[in-house]
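Okay, everyone, thanks for coming. Let me put the model up and walk you through a few spots.

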Amino acid sequence: MIYLKTPEEIETMRSSALLISQTLGEIARNIAPGVSTRKLDTIAREFILDNGGKPACLGYEGFPATLCIEVNETVVHGFPSDRILLDGDIVGVDNVVEKDGFMADMCFTFPVGTVSPEKMALLRTTYESLYVGIEAARPGARIGDISNAIQTYCERRGYSLVREMCGHGIGRKMHEAPEVPNYGRRGIGPRLVDGMVICIEPMVNMGSRNIVIESNGWECRTRDRKPSAHFEHTVAVVDGRTEVLTTFDYIPSEIMEKFI
Ligand code: MF3
Ligand code: CO
């Protein structure tokens, strides 16, 4: 069952979307070689709490932290730890914030210091594929149109798409219907209508699409241990148009310039 939101509810969702976007900006300013992923987690938790939000991942089905941290071959749901980020790493920072009763969910994969051209190309394609997916998410289109647009864009560039994890609806709960896969056929799935709020989140592998879940039941990595990238926005259909509620505008321009 897809919970459609009223225009007023979508207005309310702007506050969690703004806070999570600002939180990602805070993290971005602190990402550098030598920083531990736990430090980033602490910064995020304190920033969210100081600004009247709630870190929604913390304690969710037992998840132990505010952020999901995805270093190199980690696909999703990595635990913050004492691991020190190194020059050349790529690190996905995935986060869900609750404010005023609604959730927002976003992810950005940052290059740490100077990364290889191969890794940077993966990051760029994944970033671009998020916007290709958003472009396909027009009112009246179907979920499959988003899925197919992302898959086609990434596969044409030689990458593979993770299939076990999907985007999703979002609202008072972190995960609502519908699922938003990053692969599939055009013209299938639910139609996008006013009031739908979804998370579009391509997870793109440099090597094969296969993944492994670690024994802690959460952390997910590529089977071939090649790098994986992940970007995500929370997107609403409102007044007959599609609007991206979250924004990367708080990420410093020195970082964003690497994506143009
Ligand atoms: N963006 C992730 C998702 O949609 C956030 C997971 S939070 C966790 O699944 F609590 F489940 F880890
Ligand atoms: Co998500």
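Where does D100 lie? D100 sits in the loop between β4 (90–99) and β5 (102–111); helices here are DSSP runs of H or I with at least four residues, strands are runs of E with at least two, and both are numbered from the N terminus. Its phi is near 50 degrees, a positive value in a residue other than glycine.

Quick housekeeping. This is a predicted model, where local features need pLDDT of at least 70, side-chain atom pairs count only at pLDDT 80 or more, and totals for chains, interfaces and linings use all residues. Residues are numbered from 1 along each chain as its sequence is written, chains are lettered from A and ligands numbered from 1 in the order in which they are written, and side-chain values use heavy atoms, with hydrogens and water left out.

You'll find D239 in the loop between β14 and β15 (241–244), and it is exposed, at 66% relative accessible area. Exposed is over 50%, buried under 20%, and partly exposed in between, using a 1.4 Å probe and protein chains only. Then there's a cis peptide bond from A177 to P178, omega near 0 degrees, with P178 in strand β8 (residues 176–180).

Now the metal. Which residues coordinate the cobalt ion (ligand 2)? They are D105 (OD), H168 (NE2), E201 (OE) and E232 (OE), at 2.1 to 2.2 Å. Donors are N, O and S atoms within 2.8 Å of the metal (3.2 Å for Na, K and Ca), and water is not among the atoms, so sites may look incomplete. Along the sequence, the spacing reads D-x62-H-x32-E-x30-E. E201 is in the loop between β9 (197–200) and β10 (203–205), and E232 in the loop between β13 (228–230) and β14 (233–238), so this pair ties together parts 31 residues apart in sequence. Both glutamates, E201 and E232, are buried.

Last, the helices. α1 (residues 7–30) packs on α2 (residues 37–50) at about 145 degrees, axes 10 Å apart. Axes are lines fitted to C-alpha atoms, for helices over the stretch in contact, with angles from 0 to 180 degrees between N-to-C directions. Contact means heavy atoms within 4.5 Å, and the residues that meet include L19 and I27 in α1, and L40 and F47 in α2.
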